[in-house]
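I opened this notebook to keep track of what I look up in one protein model. The entries follow the order in which I looked.

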Amino acid sequence: MNAAADWRALGCAVRLAVTEPAALTDARQALAEWLAQVDSACSRFRDGSELVALDRSDGRETPVSDVLADAVAAALRGAELTGGDVDPTVGSALAGLGYDRDFDLVEHDGSPVRLVVRPVPGWRRIAFDAQRRTLAVPTGIRLDLGATAKAWAADRAAAELAARFGCGVLVGLGGDIAVAGPAPGEGWTIRVQDRTDDPDPDAAHTSVLIRDGGLATSGTAARRWTRGGRTLHHIVNPHTGLSARTPWRTVSVAAAGCLDANIAATAAVIRGTRAPAWLAECGLDARLLAEDGTVCTVGRWPAAPRSTGFSYALDPKGVSSWTLR
C-alpha cells in the first residue's frame, strides 16, 4: 500500500508518494530540507539566494555551491539539447513581461508593458566550470533556472530517497514528476491535465502509468497573466524574448528522467508546429494538447484517454533517453 503527502514549496504543489508507508514521515522531512536548499540556491525571487547574488558579481568568476552548480549544469544541458530553445538567460525577459516575483504575487491583470522583440543574451555567454564549481555571468544577464531546476530537483530527490529508504518513491513538483525504486503493481498512475496547478478532481485529464524515469508537463495555461489586455505566459522564446507563440496549451513528455522530459516538453511548446516531428525524431513519447482541444500524440502515447505503461532504462553510464538534435 502506498502512502502520500502533499504541500507547497518552490512556488508549486509538491507530491511525495512512497511504497513503504512507514518511511513517509522521514522521507517528507528529507524532501522538505532538500527543496529548501534548492530554493536558497536557485530562486530568482529570494534576496539572499545564490542566484540573486550573481546579479551583483559584475561578471566575475564566482565559486558556487554544489546545489547551484548542478542546477546550472542541468539548465545548460537543456540549452545544448535543444539548440538554445530552452535557455537560462531569459531572466530579464521574464521580468520585463511582468513575471518579476513569486507567481502567487504577480499582478494577474496589470497595466500595459512595452513588448519589444529582442533575443535573450544566450547561454553560450555563461562561463561555467563544472569541475571547479565556478560561474561567471556577464553584467546585465539574469539567469532563470525555472525551466529545468524543479525537474532536476525531482530526479535527484526521487533517486536519493529510494536509495535511503529502500522503497519506491514518486516526487512531483508541479508538472514535473520523477519516480525511482521498485514501482507499485503495474506502475505509478500519473494524472495528466491541462493545468498542473488545478486541484479540481473533475477537470479534464488523461492517465498514464510509468514504472521508472520521469514525466513532465509544460504549458501556457498555469502561469498566465495579462498586461494591457494582452495575455502573456512564462515560457519565453529565446529568439524573441517574448512569451512563445504556440498552438500548444500543454505538452507532456515521458523520458528516462524528469529533467529530460521537462527539457523536451518546454522546447516543444516553443517549437510549435514543428514539435511533433521533432519529438518523434528524438524517440520520445508525448501528448500535445492544442488550444482548440485537439490532442496529438507521439510515440507510444495513446490517442485515447486510457492508461498505458512507460518503462525506460538508462544504460550503466546514465546516458539519456535522447540525444542531440
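Before comparing helices I noted how an axis is drawn: it is a line fitted to C-alpha atoms, for helices over the stretch in contact, and angles run from 0 to 180 degrees between N-to-C directions. Helices (H or I, at least four residues) and strands (E, at least two) are DSSP runs, numbered from the N terminus.

Sources. I am working with a predicted model, in which local features need pLDDT of at least 70 and side-chain atom pairs count only at pLDDT 80 or more, while totals for chains, interfaces and linings use all residues. Residues are numbered from 1 along each chain as its sequence is written, and side-chain values use heavy atoms, with hydrogens and water left out.

Entry 1, the whole chain. I found 7 helices and 19 strands in the protein chain. Of its 325 residues, 54% are buried; buried means under 20% relative accessible area, exposed over 50%, and partly exposed in between (1.4 Å probe, protein chains only). I also looked at contacts, meaning heavy atoms within 4.5 Å. Among those between residues at least 6 apart in sequence, 64% join residues at least 24 apart.

Entry 2, helix pairs. Two packed helices are described by the angle between their axes and the distance between the axes. The axes of helix 1 and helix 3 (residues 66-81) come within 9 Å and cross at roughly 75°. Helix 1 is therefore roughly perpendicular to helix 3. For the wording I used these limits: under 35 degrees is roughly parallel, over 145 roughly antiparallel, 65 to 115 roughly perpendicular, and the rest oblique. Helix 1 contributes Trp34, Gln37, Val38, Ala41 and Cys42 to the contact, and helix 3 contributes Val67, Leu68 and Ala71. I sorted the residues of this contact into 7 nonpolar, 1 polar and no charged. In that sorting Ala, Val, Leu, Ile, Met, Phe, Trp, Tyr, Cys and Pro count as nonpolar, Asp, Glu, Lys and Arg as charged, and the others, Gly among them, as polar.

I then took helix 5 (residues 149-165) and helix 6 (residues 258-271), whose axes come within 7 Å and cross at roughly 160°. Helix 5 is therefore roughly antiparallel to helix 6. Ala151, Trp152 and Asp155 of helix 5 meet Cys258, Leu259 and Asn262 of helix 6. The residues of this contact are 4 nonpolar, 1 polar and 1 charged.

Is Arg44 buried or exposed? I read 8% relative accessibility, so Arg44 counts as buried. Arg44 is in the loop between helix 1 (24-42) and helix 2 (50-53). Its side chain makes a polar contact of 2.6 Å with the side chain of Asp144. A polar contact is a pair of N or O atoms within 3.5 Å; within protein, one must be able to donate a hydrogen and the other to accept it, and residues adjacent in sequence count only if both atoms are side-chain atoms.

Asn237 lies in strand 14 (residues 236-237) and is buried at 15% relative accessible area. Its side chain reaches the backbone nitrogen of His239 at 2.9 Å. Leaving out residues up to four places away in sequence, Asn237 touches Leu242, Ala244 and Ile270.

Most residues other than glycine have a negative phi. Leu10, in the loop between strand 1 (3-9) and strand 2 (12-18), has a positive phi of about 55°. Asp58 also has a positive phi, near 55°, and lies in the loop between helix 2 and strand 3 (62-63).
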